[in-house]
Amino acid sequence: MWRKLIALILLSGALLFSVPAAFAQDKSYSADRFDVDVVVQSDGSLLVTETVVFTFVGEPFTFVFRELPTSKTDGVEILSASVDGRTYPQGTNAGQVEIESGSDIRVTWHLEPTANSTRTFVLEYRMLGVVRQEDGVDLLRYQPLPDEFEYTIDSSTVTVTYPTVANLLETPTVTTGQVQVERSGNVVTFSRQNIESDETMVFDMQFAAGSLISAPPTWQVRQAEQNALAPLWIGAGVFILAVGSLGAWWVYRNHQPKTHKSTAVLYEPPNDLPPAMAGVLNGHGAKPAWSNALATLFDLADRGILSIEEVKDKKWYQGQDFVIVQQKMAPSGLRPHEQGLLDLLFETKKGRETAVKMSKLSGTVTGKQWKKFTEPLEAELKAAGYIDPARKSRRQWIMGSSLIFFILGIIAMIGLPIGLVEQFGAWPVIIGISLFTLFAVWMATGHAFTILTDEAKMMADEWQSFHDYMKDVTRKKAAVGGTNIFNQFLPYAASYGLLHQWAKFFQKEGWTEVPPYFHAASRSGSDHMTAFVAMTGNSASSGGAAAGAGGAAGAAGGGASGAG
């Protein structure tokens, strides 16, 4: 009975998917041939005729387009566009051709709905100033086929006819594509079959100097003038970068406090400062991060206020998850940032909860509720006399100055090229790159600049020594100093951003004893440690953010082609 029912369901599904397929037909097209006839003029321009025979299959096609780049030319002039021998007038309706000017000239044939048929498209245009003077020769570097097209081409024949007075020095060189080359008199033929999408061809033809053109094209003259000014733009960029960097160095050197830093290695916390506050001091008084909140969480768990439990019954599509549970009411005497963390974890719009999943904490740091933890922690640091208001203002000034460089960089990258590209090319972009680099330099200077008082800075250096020791332990560069070091220093590892590395190191060393506040779903000791390591990875990430060959370069021609 069940076998018959399953067979019936499968048969119904097959019929369901096969019925639409019977009525639908794939939409595709290909080019039977893409031929290009090029006549080189005595002034270095090209008279080009493209003939493309497209075969359309399936749903109706309503347009065909061709894009012609104008780079490395003095301009492109469209002469005519036809379909099946009928010249299309300009317009946007069916039976007309649309020509759009810009850095690329786009030609679009608007068709009556065309399906399951073969049609011939012919485009005639003139490319000005293509032949250039280079290395003592008159050079024609040309890409007759587009470099962006999604269809296949069965065959392509490119015929180049040049003036009989021009002296072709050697057999043309094909720099892109596998092409057959034949030469007869002043005619050179390039041919290729079975061309896949985006496969193009590029060739060079070298003529004796002066046999084709007597002077370089306008674009080449302009490019030479731009390149001649390149050292000035590079020098200006280097000067701006040097002055700005020296300014950042001077600010840092003259305003960063100079305190004596001890070289002694500390194997124990230097004082009884709460882990979250120690972590903030270690960051030179930076904004509290999720790692500092985790440090407080594990510290409260150590004191029996919280527990962490692995979720036992989870759906097959859900990943490993853990629940933070408040075991008892918060006792009196908690520090403000500790109470703030409890409020952050358990206060909701519906009221106060007693448990929260770690997977639900991803928006906590970036949300408005985050200040429940950060504001009291910053207030405690300030009340303890660890924050120097003048140095805090100076750091804000440095960070604000970096934003000025960022804004100027955007203006330089967008505004300068638009206004000066014709005269200077892309070289003005160097100014923008220098300004963006200064933004990074000043931002880094601001982050490195401490807002701590001298006393707090000395304390932070001691905590940094302890941090270095813990980091060396995780890298096996320092010995484990005690039997209970794993649990004892876990909150500090969290505050320093070393939580997962800390747990992973002890797991590899064979450690199986997890903190008493952690409850794994399994019963095995080794499985407990595996679950605990997974929890450290989950918790560290729960805080979100706060925690192919183209055408040859320099060739005229190319572009794009397609239909739809």
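In the predicted model, Val-441 has a relative accessible area of 26% and is therefore classed as partly exposed, since that value is not under the 20% limit for burial and not over the 50% limit for exposure. Val-441 is located in helix α9. Leaving aside residues up to four places away in sequence, Val-441 touches Ser-245 and Ala-248.

Helix α9 covers residues 429-448, a run of 20 residues. The buried residues of α9 are Ile-431, Gly-432, Ser-434, Leu-435, Leu-438, Trp-442, Met-443, Thr-445 and Gly-446.

The length of helix α7 (residues 371-383) was examined in the same terms. With 13 residues, α7 reaches 17 Å from its first C-alpha to its last, close to the 18 Å expected at 1.5 Å a residue. In α7 the buried residues are Phe-373, Thr-374, Pro-376, Leu-377, Glu-380 and Leu-381. These buried residues pack against α4, α5 (290-302) and α6 (336-346). Just after α7, a positive phi of about 80 degrees is found at Gly-385.

Helix α4 (residues 275-282) also meets helix α10 (residues 454-474), and the two axes come within 8 Å and cross at roughly 100 degrees. The two helices α4 and α10 are therefore roughly perpendicular to each other, because angles of 65 to 115 degrees fall in that class. On the α4 side the contact involves Ala-278, Leu-281 and Asn-282, and on the α10 side Ala-456, Met-459, Ala-460, Trp-463, Gln-464 and His-467. The residues of this contact of α4 with α10 comprise six nonpolar, three polar and no charged.

A further packing of α10 is with helix α13 (residues 499-508), where the axes are 9 Å apart and the angle is about 45 degrees. This angle makes α10 oblique to α13, and α10 passes α13 in a left-handed crossing. Met-470, Val-473 and Thr-474 of α10 form the contact with Gln-501, Trp-502 and Phe-505 of α13. By class, the contact of α10 with α13 has four nonpolar, two polar and no charged residues.

Backbone phi values were also considered in two loops. Most residues other than glycine have a negative phi. Asp-84, which is not a glycine, has a positive phi of about 55 degrees. Asp-84 lies in the loop between β4 (75-83) and β5 (86-87). The relative accessibility of Asp-84 is 44%, so Asp-84 counts as partly exposed. Asp-198, likewise a residue other than glycine, has a positive phi near 65 degrees. The loop that holds Asp-198 runs between β14 (187-195) and β15 (202-208). At 40% relative accessibility, Asp-198 counts as partly exposed.

Technical notes:
Residues are numbered from 1 along each chain as its sequence is written. This is a predicted model: local features need pLDDT of at least 70, side-chain atom pairs count only at pLDDT 80 or more; totals for chains, interfaces and linings use all residues. Side-chain values use heavy atoms; hydrogens and water are left out. Helices (H or I, at least four residues) and strands (E, at least two) are DSSP runs, numbered from the N terminus. The expected span of a helix is 1.5 Å times one less than its number of residues. Buried means under 20% relative accessible area, exposed over 50%, partly exposed in between (1.4 Å probe, protein chains only). Axes are lines fitted to C-alpha atoms, for helices over the stretch in contact, and angles run from 0 to 180 degrees between N-to-C directions. Angles under 35 degrees count as roughly parallel, over 145 as roughly antiparallel, 65 to 115 as roughly perpendicular and the rest as oblique. Contact means heavy atoms within 4.5 Å. Ala, Val, Leu, Ile, Met, Phe, Trp, Tyr, Cys and Pro count as nonpolar, Asp, Glu, Lys and Arg as charged, and the others, Gly among them, as polar. A crossing is left-handed if the near helix is turned anticlockwise from the far one by less than a right angle, and right-handed if clockwise.
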